[in-house]
Amino acid sequence: MKLVVLVVLLAALAFGLAACVHSALYTQRVTAAHPPAGETVEVAGAAVHAIRRGTPGAEPVLFIHGASANANEFDWTLAPRLEAFDLILADRPGHGYSERPAGGHALGVQAGQMAGLLDSLSPDAPAIVVGHSFGGAVALRLALDHPGRVKALVLIAPVSHDWGGGGQAWYNHWASTPVLGPAFSQLVPLVGPGRSAAGAVCTFHPAPMPEGYTDQSAIGLLFRPPTFRANASDVMALRAELSAQQGRYGELPMPVILFSGAQDTILKPALHAGRLAGQVADFTLVDLPHEGHMPHHGEGEQIAAAIAGLAAPR
């Protein structure tokens, strides 16, 4: 019996070591394939990475990506349509190439990092802030906590309110736990990359996923263990974070334009866009009847036009 236990323990140890080696090699490969493409700014002791595009010195537009993503999400969709603006495509804390500060799961902390980024890169002008999905929640918090930094909000399929439960995948539960999370996350590079395309298809449904999406958006960066843990912690803390901030949306003085995919299967628009519409004074809802959760790809021209329209004198 003791021999059996010893063999099992040795096998588990060998598997764990192999997973760690595979994880390190995977991280090395994906970093080489998708290296940092922008610049870093230190905010509150943590580096914030942002890709810069467009025209330096022009009106600033800050892009904040959603869960499981990074700044590359906008680099081949909206950014090429807005070259007349000073475009700042940010990696949220712990994602892409931004460092994770203490308490990085909190929307207030993430918004503070975005505000610090704008203080450094656009000190003289408030920005039009574009947020997709989880990035919409951060954009809203940025506008609430730092209204002087935000000229207008453009929200794309945003999560804005406590939705009442459900929706958190089992692997986010495991990855976000303090003790088992780091060990569990070492296993993610073994299976995660092979399933990323199928997951993305579901996110786009019923719209088609663009060819080359996972590569163009550098989705592989998600499966690096520290990034996967950061993403899991964000998702698991989100309901409580939204519950704490959703009563404040009536404070927003700036215009808010919200693009909502009517067939979104990731979130229910009525629980987010529908409720936000009743709280914000200057609010415009754009319903996209044939889109799911990723309308900035299929409806990029329309969304870019709305962003450009906000830059015009009001």
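The model is predicted, with local features needing pLDDT of at least 70, side-chain atom pairs pLDDT 80 or more, and totals for chains, interfaces and linings using all residues. Residues are numbered from 1 along each chain as its sequence is written, and side-chain values use heavy atoms, leaving out hydrogens and water.

Select Val43 in strand β1 (residues 39-43); strands are DSSP runs of E of at least two residues, and helices are runs of H or I of at least four, numbered from the N terminus. Val43 counts as buried because its relative accessibility is 9% (buried is under 20%, exposed over 50%, partly exposed in between; 1.4 Å probe, protein chains only). Beyond neighbours within four places in sequence, Val43 is in contact with Val48, Gly112, Gln113, Gly116 and Leu117 (heavy atoms within 4.5 Å).

Next, select Val179, in the loop between α4 (170-176) and α5 (181-185). Val179 counts as exposed because its relative accessibility is 72%.

Finally, display the largest pocket, which holds about 1,400 Å³ of space. On a 1 Å grid over the protein atoms alone, a pocket is an open set of points where a 1.4 Å probe fits, with protein on both sides within 12 Å along at least five of seven lines; lining residues have an atom within 4 Å of a point. Of its 47 lining residues, Ser68, Tyr171, Asn172, Thr203 and Ile266 lie nearest the centre of the largest pocket. The elements giving two or more residues to this lining are α4, α6 (188-204), α8 (225-245) and α9 (269-277).

Notes. Grid points are joined across faces, edges and corners, and a volume is the space filled by probe spheres set on the points.
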